[in-house]
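Visitor: I have a model open and would like to learn how to read it. Could we walk through it together, one feature at a time?

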Amino acid sequence: MKFNDFVLGVLVLIGAAAILVSARNFSPIPGQAYGAETMPNAIGIVAAGLGIFMMAKSALMGFQGRAVALADWAKSPMAVVGVAMALALIGVYIVFSERVGFVPIAFLILLVFMLTLRTRIIVAVPVAIFATILVQQTFGRLLLVPLPRNDFLSFLW
Amino acid sequence: MRKRTFLAAAAALLATAVFGAPAALAQSDYPDRPIQMIVPWGAGGGTDAVGRIFASILQEELGVPVNVVNRTGGSGVVGHSAIATAKPDGYTIGIVTIEIDMMHWQGLTDLTYKDFDFLAMVNADPGGVMVSADSDYETAQDLLDAIKSEPKGALKASGTGQGGIWHLGLLGWLLSEDLPPDQITWVPSQGSAAGITDMVAGGVDLVPSSLAEGRSMIEAGKVRPLASMSEERQEMFPDVPTLKEAVGSDWTLAVWRTVAAPKGLPDDVKAKLAGAVEKAYNSEEYQKFMADRGFGMRWAGPEEATEVVASDDESLGRVMKEAGLAAE
Amino acid sequence: MDILAQAAGLVFQPYVLLVIFASACFGLFVGAIPGLTATMATALLVPITFFMDPVPAIAAIVTATAMAIFAGDIPGALLRMPGTPASAAYVEDAYLMTQDGRGDEALGAVLVFSAIGGIFGTIVLVTTAPALAEIALKFSSFEYFWLVLLGLSCAIFVSPSSVTRGMIALLIGLFAATIGIDNPAGQPRYTFGNVELLAGVQFIPAMIGLFAVSEVLRSIVYSKERPKIDRSGKHTVFKRQWTNIRRYPIQMLRGSATGTAIGALPGAGADIAAWISYAVSKQFSRQKEKFGRGHVEGLVEAGASNNGAVSGAWIPALVFGIPGDSITAIVIGVLYVKGMNPGPTVFINDPQLIYAVFMVFFLANIIMLPLGWVAIKGASTLLSIPNRVLMPVILLFCIVGSFAINNSVFGVLLMLIFGVLGFIMEENDIPIAPAILGLVLGPMLEQNFITSMIKADGSFLAFFERPIAAGLGIFTIVVWSIPIILYLRRRWAGSEASPKEDLPQG
C-alpha cells in the first residue's frame with residue numbers, strides 16, 4: 001500500500017495524538033519535573049509538527065499522487081500468496097514450535113515455503129532436510145541455543 | 001577449542017546417524033539430558049559470570065551439559081518468570097537474585113520467592129558507600145554531616161535505576177538515621193559501573209553500590225570507599241569500616257545470588273541437585289573464581305537460603321513502603 | 001626491549017596461534033549470521049577461556065569479536081541484511097554496489113578499512129591509552145546527551161530520500177524504544193501487563209525484521225534476479241583497495257580517529273561512531289550526491305570507524321576497568337579471573353602481559369585480511385543460489401536468530417511485526433536505517449536527558465556549563481542550523497526554485 005505525502009502526514013499526526021494521549025498515563029519521577037512521560041511527549045510533539053508540515057507542504061504542492069495506491073505486485077496472485085505464506089509460516093513457528101519441537105516445524109516451514117515459491121519438490125525436500133539439520137546442529141549444539149525440543153525426533157538433539 | 005566442540009558435534013551427529021534413536025530412547029535416571037540454567041540478567045554482568053562458572057562446574061558434577069540461557073530485560077521480571085513457570089523437572093534451574101524481593105512490591109508481577117525451590121545461596125556482596133577521590137568527604141561521618149546540613153536534595157547519588165537495589169540501600173541508611181527518604185536525590189543509572197563513572201566525572205556525589213563493583217576504580221585511586229553496609233569488614237577491603245563502626249548505623253544490606261528451581265521439584269531430583277550445587281560451591285574452581293573476581297562468598301543450604309530470602313523480602317518491602325516506592 | 005621479547009614469546013607459540021585461528025573462524029561464522037552478535041560469541045567463549053592461560057584467553061576473545069564485527073558487513077552487502085547496527089549506516093551503499101556487480105569491491109573495502117581502523121585504534125591504545133582514558137572519564141550525562149543527539153541528527157542528514165521521511169523512520173524507532181520498563185523512571189510503558197513487553201523491543205529481532213524479513217518479502221513480490229558475481233578477475237577483493245587508499249586517505253584517517261575516540265567513551269560505541277563518520281564523510285565529500293547510491297567513500301570512512309571503536313573500547317577497560325560495551329564488560333571479568341586486574345597498575349605489574357595483548361590485537365586485525373577474503377569468496381556463492389531456495393533458508397535463519405537473542409518466541413513475534421512494518425515503510429520510500437538508530441539511541445537519549453535534568457535541578461543551562469558539553473552542544477546546534485540557513489537563503493535567492501528536495505527518489 002502506498003500513501004501520498006498528505007495521507008502520510010495525516011497518519012503521522014494520528015500517531016502523534018495517540019502518543020500524546022497515552023503519555024498522560026505516565027508520571028514524573030517523584031520530586032522531579034521529568035520522568036516517564038518526557039520522552040513520549042517529546043516524540044509526540046515532534047511527530048505532530050512533522051505531520052502538520054507534511055500535510056501543509058503536500059497541500060501547497062496540490063496533493064500530488066493518489067491518496068492510497070495499491071502497489072503493482074498486489075495484482076499478481078503469486079506474489080500475494082508468497083507474502084501471505086511467509087508471514088503465516090512465521091506465525092506457525094510462534095504458535096506451535098514449543099509444542100511440536102524445532103525439527104519438524106523447521107522442516108515444514110522450509111518445505112512449504114519453497115514449494116510456494118515453485119521450487120521443484122525434488123530440490124525442496126533434500127534442501128529442507130539438510131538445512132534443518134544444519135541449523136539444528138550449529139545453533140542447538142555448537143552455539144547452545146535452547147531450541148524448542150520435543151520427544152519426537154529428539155534424538156537429533 | 002572451537003575445533004573440539006565442532007568435532008564433538010560431528011561425532012555426535014555421526015553417532016546418531018549410525019546408532020539412531022535407540023541410544024536416546026533408553027531411559028536412565030535424572031539427569032539424562034541437558035539442563036538449562038536461566039540467568040535473568042545480561043551477558044557480561046556479575047550474575048551472568050556466577051551463572052556461567054556454576055554451569056561449567058555443575059556440568060562435570062552431573063555429567064550432562066548445563067547450558068546458560070540469558071533471559072534479560074524488564075528489571076529481571078522476564079527471566080525470573082521464565083524460571084518460575086518452567087516445568088519443575090530439574091531440567092530448568094536458574095540464578096535468582098535479590099530483585100525477586102522487590103519486583104512484587106513495585107506491582108510489576110505477582111511472582112514472589114514462594115514460587116521457587118531454593119537450592120542454595122552461593123554469593124553475597126554487601127553494599128558500600130563510595131565517593132570520588134576528589135571529594136571533600138574523607139570519612140562516612142563527614143559525608144553524613146554534609147547530608148544532614150545541606151538542603152534537601154542538594155546531594156546526588158547514583159548506582160542503579162529508580163527504585164533499584166542500591167537506591168533502596170541508600171534509602172535504608174537514610175531512614176535508619178531518621179532522615180527523610182528524599183534528603184538525597186537519586187539519579188537513575190544503568191548499573192553501578194555507569195554510576196561510578198558518572199561520579200568520577202563529577203556528575204553525582206556518592207554511589208552506594210557494592211565495593212566489589214568499584215574495585216578497579218578504587219585501586220586506580222579514582223574512588224574513595226567510606227563504609228561497608230555489612231556486619232563485619234570485608235575480607236578484600238580490610239581498611240574500610242562497617243557502617244556501624246563509621247557512623248553507628250545498624251543498617252546492613254547485601255545483594256545475594258541463589259541457585260533455584262521452579263516450585264515443586266520432586267524430592268529425589270532436589271536432593272541430587274542440592275548436593276551437586278554444594279559440591280560445586282566447595283570446589284576449588286568456584287572458590288578461586290569468586291576470590292579473583294572479588295565477589296563475596298556466602299553459603300546457605302536450601303532451608304537457610306529460603307529464610308534469608310524471606311527476611312529480606314520483609315525488610316525491603318518495609319523500606320519501599322516508607323519511601324513511597326511500593327505500589328498501592 | 002626485553003619486555004617486548006618476553007611478550008612476543010608469550011604470543012608466538014603454536015598453541016596461541018592456533019587459538020587465534022580457531023576463534024577467528026568462529027567469530028566470522030557468528031558475525032555473518034544475522035541475529036548472532038559479537039557479544040554472544042564472547043559469552044560462549046568465556047567458559048572455554050577458564051581453562052586457558054591469560055594470553056590465549058584474551059586472544060580468543062579479541063580475535064573473535066574483531067572478526068564478528070567485520071563479518072556483520074557480509075550479509076549486509078550481499079543481501080541487504082546488516083549483521084550489526086553499526087553496519088546499518090552504510091548497508092545501502094554496500095548493497096547497491098553488489099547489485100552493480102561490484103560486491104567484491106564493496107566487501108573488500110569494508111574488510112581492508114576495518115583492519116586499518118582496528119590497527120589505528122590499537123596504535124592509539126598502545127601509545128596514549130592512559131591519557132585518553134582520563135579525558136573519557138570527564139564525560140558525564142551532559143556530554144553524552146549531546147553526543148547522542150548528534151548521532152541521531154546524522155541519521156536524518158544522511159538519509160538518501162527526503163528529510164521528512166527520514167524523520168518518520170527515526171520517530172518510529174524512538175517510539176519503539178520507549179516500550180518497556182527499562183527507562184530512568186522505572187515505569188512500565190506500553191506493556192499492557194505483558195511480562196515479555198516489560199523487556200521492551202530488543203533491537204536485534206527488530207533489526208532482523210526491518211531489514212531481513214522485509215527483504216525476503218520484497219524478493220517474493222519483485223522476483224528480481226540478484227546480480228551475478230563477476231568471476232573473471234581473481235583478485236577483485238583487494239585490487240581496488242590500493243586505489244581507494246590513495247584516493248581517500250583523509251577519509252580513512254578521519255574515520256579511524258573518530259571511531260577510536262568515540263569508542264574510548266564508556267557510554268558510546270561502534271554504532272554511533274559509524275553513523276557520525278558516514279555523515280561526516282558525506283558532508284565533506286566532493287561527490288555528496290553519490291552517497292546512498294552505491295558509493296565506496298562512505299564505506300571507507302565508516303568501515304574504518306566502527307572497527308576503530310571496537311579497539312577504542314579497550315582504552316577505558318584496560319586503564320580503569322570500565323566497560324565500553326558489553327564485550328569489554330565480559331573481558332574485564334576474564335581479566336580479573338586471570339589475575340590481570342585492569343587498572344593503571346596492570347601496565348606496571350604485568351607489562352609483558354599487556355604488550356602480549358597488544359600484539360594479539362595487531363595479529364587479529366592482520367589475520368582478518370586473508371580469512372576475510374576466504375569468507376567473502378565463500379559467501380559470494382550464496383548469490384548463485386536461486387531466490388526460491390535461498391529465501392526460505394534465510395527466513396529460517398531469521399527465525400532462529402530472533403529466537404536466540406533472548407531464547408524466547410517473543411523475539412520471533414517482534415521480528416514478524418517489524419518485518420511487516422519494514423516492508424510497508426520501504427513501499428512508501430521511508431528509509432529503514434534511521435529507525436534502527438532511533439531504537440538503539442532512544443534509550444540513551446532519554447537516560448542522559450533525564451539524569452542531566454535531575455542533576456541540574458531542572459536547569460537547561462547546565463547542558464552548556466561544562467566545557468566539553470558546551471562545545472558539543474554548540475556544535476550540534478550549528479549542525480542543525482546550517483541546513484536551515486542554507487534552505488532559507490535558497491528560498492530568498494530564488495523563490496521560484498523548485499522544492500524538489502522533498503520528493504521521494506530512488
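Visitor: Is C:Asn349 buried or exposed, and why?

Guide: The general idea is to compare the relative accessible area with a cut-off: exposed means over 50%. C:Asn349 has a relative accessible area of 54%, so C:Asn349 counts as exposed.

Visitor: Where in chain C is confidence lowest, and where is it highest?

Guide: Helix 19 of chain C, residues 344–349, has the lowest confidence, with a mean of 74. At the other end is helix 22 of chain C, residues 409–427, at 94. For chain C overall, the average pLDDT is 85, and 94% of the residues score at least 70.

Visitor: Which residues of chain C have a pLDDT under 50?

Guide: Where pLDDT is low, the predicted coordinates should not be read in detail. In chain C, pLDDT stays under 50 over residues 496–506, and the model has 17 contacts beyond four places in sequence for them. Chain B has such a stretch at residues 1–28, with 21 contacts beyond four places in sequence. The mean pLDDT of chain B is 87, with 91% of its residues at 70 or more.

Visitor: What scores does the predictor give the complex?

Guide: The complex receives an ipTM of 0.93 and a pTM of 0.87.

Visitor: Now for chain A. What is its secondary structure?

Guide: Count the elements, then read their order. Chain A has five helices and two strands, and along the sequence they run β-α-α-β-α-α-α. The radius of gyration of chain A is 24 Å, well over the 15 Å that the globule rule gives for 157 residues, so chain A is more spread out than a compact globule. Its C-alpha atoms fill a box of roughly 60 × 50 × 25 Å along the principal axes.

Visitor: How much of chain A is buried?

Guide: Buried residues are 45% of the 157 in chain A.

Terms used
Residues numbered from 1 in each chain as written. Chains lettered and ligands numbered in written order. Predicted model: local features only at pLDDT ≥ 70, side-chain atom pairs only at ≥ 80, totals over all residues. Heavy atoms only, no water. pLDDT = per-residue confidence, 0-100. Contact = heavy atoms within 4.5 Å. Helix = DSSP H or I, 4+ residues; strand = E, 2+ residues; numbered from the N terminus. Rg over C-alpha atoms; globule rule 2.2 N^0.38 Å. Buried < 20%, exposed > 50% of the residue type's maximum accessible area, 1.4 Å probe, protein only.
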